[in-house]
Amino acid sequence: MTVSASIRAAARSAYRDLLRASASTFAGDAPIQKAFRIHMRTDTLALDAVARNDAGQVEERIQLAKDLGSTLRKNVVQARRVETASGEEAWRLRITEETEIGDNSSIKDPPLIQSSRRARKIEQDGTTHPGNAALPSAPVPRNFSALKKAHKQRKIPELHEKDLEESFVRGSGPGGQSINKTENNVQLLHKPTGIRLDKLYNPGLSKGELQRAKQNERERQRRKKAKKKAKASGGLPTRPDRPPIVMSAQNPSLYTLATIVKRLEAVASRFEDLEDTRREIRRQSTSTVTSFADAQPAIAPSPPSAPPAIVVQTVVQIPPSVQAFDAIVVEVKLKPLVELTAAFAPQVLIEQVDLFAQAIQVLRDLLLKAAACKKPDRQGFEKLLNPLQASIEAVTRAKEANRKEREWFNHITVVAEGAVCVGWVTVEPKPAQYITDIKESTMYYSNKILKEFKDKDPRHIEWVRAFLSFLDEMKRYIGENHPTGVVWNPSGVHLSEYKASSSADPPPPPPPPPPPPPPNAPPAPAPAAGGVAAVFAELNRGDEVTKGLRKVDKSEMTHKNPALRAGNVVPANPGLGATKKPIKPAKPAALMGKKPSKFALEGNKWLIEYQEDQPALEVTDVGINQTVNLFGCKNTTVIIKGKVNAVTLINCTKTAILVESVISSVSITKSASFQLQITGTAPTIQVDSTDSGQIYLSKACLGVEITTAKCSAINVSLPVEGEEDGIFQEQAVPEMLKSVVENGRLVTSVVEHVG
């Protein structure tokens with residue numbers, strides 16, 4: 001019978017716990033501590049070669065080690081002989097937070113455990129078994145039902161202020177010099193029972209509280225500078241600073257069955273509108289011909305003249321990128337958000353959401369112009385952004401005017417913070433990341449709404465998720481249609497011409513009918529009374545129909561000029577754009593197969609794969625021959641306790657690692673927005689093909705070698721000399737290199753910018 005790896009790990013854990021308990025109990029008494037450890041190792045917990053492979057005996061030793069550790073912590077107290085101020089000898093007891101206060105009755109006189117149903121029934125009835133006459137009258141309950149009953153029947157004693165003695169002393173624990181200079185430990189003594197409470201620390205003096213206060217102040221200053229910068233640039237921010245990594249952000253499902261049905265309904269409705277438009281054009285064309293044929297006898301009773309050409313209205317085709325904007329953003333997300341707001345929100349929020357919808361409409365008009373026009377110069381583009389800037393300022397003014405709405409101010413702030421998402425048209429080359437930054441800036445107030453109305457009104461929760469889903473759909477639209485910025489039409493018209501054609505007066509009336517034929521011409525056949533007969537009469541004119549057409553020159557033939565085909569637009573008719581092949585819709589993320597997460601030890605490798613939204617994933621009991629491999633994790637924090645051989649991070653996003661010590665190296669590959677903190681030592685850190693990362697080093701790890709390749713925005717935080725732990729100074733890893741040729745060799749150096 002062999003012992004499994006889990007039992008061996010439990011044995012090591014129990015033995016370490018026993019050693020810690022002995023170190024705490026026999027602190028300052030090295031001979032006793034050494035003798036106790038030798039006795040445990042050679043006698044009490046010793047097993048021969050045969051017994052070490054017996055799982056039963058090993059588990060017994062594990063339980064014995066746990067019981068010994070518990071007894072050392074609770075029931076063994078260290079005493080030292082001291083001399084009082086009056087000269088008398090006394091004993092000073094070393095009481096810890098785990099020491100059992102009282103007479104240790106649980107270990108000196110444990111009650112007997114009843115072993116029969118009759119005995120347990122007698123105990124529940126309150127009678128005494130004749131065989132246990134020596135038992136105390138009120139035995140300590142040993143099972144859950146008795147404990148639950150005793151808990152309900154307990155009597156809480158009354159505390160009087162005269163029985164309490166309060167004292168202030170210097171404590172221990174985190175806090176640095178503040179602990180040694182201030183009396184931050186409050187001790188309370190209950191005189192009748194002798195119970196002493198000595199773990200009451202004054203809040204706000206610990207090292208963790210100070211670090212959090214400093215971090216909050218830095219975040220407040222960063223938001224203040226970003227707001228001033230946005231105000232100075234005229235209301236359209238270029239790109240805010242990247243916020244810190246948020247580990248517990250929860251994204252709602254973007255593609256549900258109801259969403260897919262709504263999108264299909266929107267597409268079907270658009271097809272119906274197109275078909276109705278075609279029918280209306282055909283009906284107007286037929287009515288024009290019919291009315292002209294009916295009016296001919298009244299105008300000219302003499303031989304009729306040639307009927308005019310059929311007037312057909314031209315329908316401007318919406319570009320595919322604008323159609324995708326309507327289908328993905330407006331129809332599926334914006335309209336449901338407006339309807340949901342109107343269903344339960346007050347008038348102030350409804351008006352602000354309407355202003356937000358108007359800003360989206362202004363953005364649509366800008367995209368429509370970009371699809372038909374060439375890219376303008378800087379002045380023309382700034383003039384084009386004026387309506388967009390005015391719409392953002394309108395949403396912001398609505399927020400400032402309704403600060404008294406305490407219950408709805410978080411909703412109003414979410415809309416105001418998210419309204420600047422339309423400014424992605426000014427960002428290059430990654431506008432989609434700008435939407436991500438805007439969404440993260442709204443998460444603070446969104447989480448407030450989710451927390452406040454969690455158990456009150458689910459409509460508020462649905463409203464927040466609808467707004468965040470709108471931003472996600474906007475990001476997806478940008479990634480599919482404008483991945484590097486607004487796409488303009490290189491063969492389109494100039495922006496001023498587009499404005500002139502769109503804002504000009506209505507088109508002039510059709511030209512008058514042609515003059516009547518000469519007198520010697522043979523009379524034309526009389527047209528039909530009207531309807532379809534008039535159309536066939538025009539077709540039966542023969543060569544007269546094509547007499548006005550001209551011959552196409554070879555320079556205008558697309559099949560003989562590849563340059564015309566590449567331009568997508570025929571020069572003879574520049575107003576009409578060529579049809580674009582529809583883009584195959586991508587499979588929604590909710591319908592894609594999600595790979596299962598994994599957290600297991602296989603051999604000497606810890607495999608942590610596809611973990612998402614894990615705020616504190618601990619890896620304990622690691623060995624120096626083990627490696628920790630992370631792959632495909634997202635929004636996850638991994639804490640590695642102990643010294644490991646190596647740590648590898650591949651294809652992860654917003655993943656943080658806290659490790660004590662590494663023997664060989666830490667390797668990070670294709671893992672954006674990572675965070676790495678080393679509290680011990682590590683010889684090498686390798687970063688490859690990664691954008692945005694933060695590395696925190698300890699004082700013992702300043703000799704590390706950091707190697708980067710194809711990376712950007714990598715910062716290293718070094719501890720400040722002379723300051724307490726937790727104070728870092730951030731320094732950037734160089735990204736720009738300069739290479740020169742010296743003596744026939746290529747010499748590369750780092751470019752430093754001063755000023």
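Glutamate 400 is partly exposed, at 43% relative accessibility, a class that lies between buried (under 20% relative accessible area) and exposed (over 50%), computed with a 1.4 Å probe on protein chains only. Its side chain meets that of arginine 403 in a salt bridge of 2.9 Å, N to O; such a bridge is a side-chain nitrogen of Lys or Arg within 4 Å of a carboxyl oxygen of Asp or Glu. Arginine 403 is also partly exposed, with a relative accessible area of 46%. The model is predicted, so that local features need pLDDT of at least 70 and side-chain atom pairs count only at pLDDT 80 or more, while totals for chains, interfaces and linings use all residues. Residues are numbered from 1 along each chain as its sequence is written, and side-chain values use heavy atoms, with hydrogens and water left out.

The protein chain holds 19 helices and 19 strands, taken as DSSP runs numbered from the N terminus (helices: H or I, at least four residues; strands: E, at least two). Of its 755 residues, 29% are buried. Contacts, defined by heavy atoms within 4.5 Å, were counted at a separation of 6 or more, and 43% of these join residues 24 or more positions apart. The chain exposes about 49,300 Å², of which carbon and sulfur atoms supply 55%; accessible areas come from the Shrake-Rupley method with a 1.4 Å probe, and for residues only the protein chains shown count as cover.

The largest nonpolar core has 60 residues, and Trp424, Trp463 and Met474 touch the most other members. A core of this kind is a set of buried Ala, Val, Leu, Ile, Met, Phe, Trp, Tyr and Cys residues joined through side-chain atoms within 4.5 Å. Among the elements that give two or more residues to this core are helix 10 (320-344), helix 15 (431-452) and helix 16 (458-481). Another core, of 33 residues, lies apart from it and includes Val666, Val687, Ile695 and Ile714.

Strand 10 (residues 634-650) pairs in the parallel sense with strand 8 (residues 612-619) over five bridges, pairing being assigned if DSSP finds at least two bridges between two strands. Here valine 619 stands opposite isoleucine 640. Strand 9 (residues 627-631) also pairs with strand 10 in the parallel sense, over five bridges, and asparagine 629 stands opposite threonine 648. Between strand 10 and strand 11 (residues 653-669) the parallel pairing runs over 13 bridges, with threonine 636 opposite threonine 655.

The salt bridges number 16. One of them joins the side chains of arginine 16 and aspartate 621 at 3.5 Å, N to O. Arginine 16 lies in helix 1 (residues 5-25) and aspartate 621 in the loop between strand 8 and strand 9, so this pair ties together parts 605 residues apart in sequence. Arginine 16 is partly exposed at 35%, as is aspartate 621 at 38%. Glutamate 618 forms a salt bridge with lysine 641, with the closest N and O atoms 3.5 Å apart. Because glutamate 618 lies in strand 8 and lysine 641 in strand 10, the pair ties together parts 23 residues apart in sequence. Glu473, Arg476 and Glu480 are linked in a network of salt bridges.
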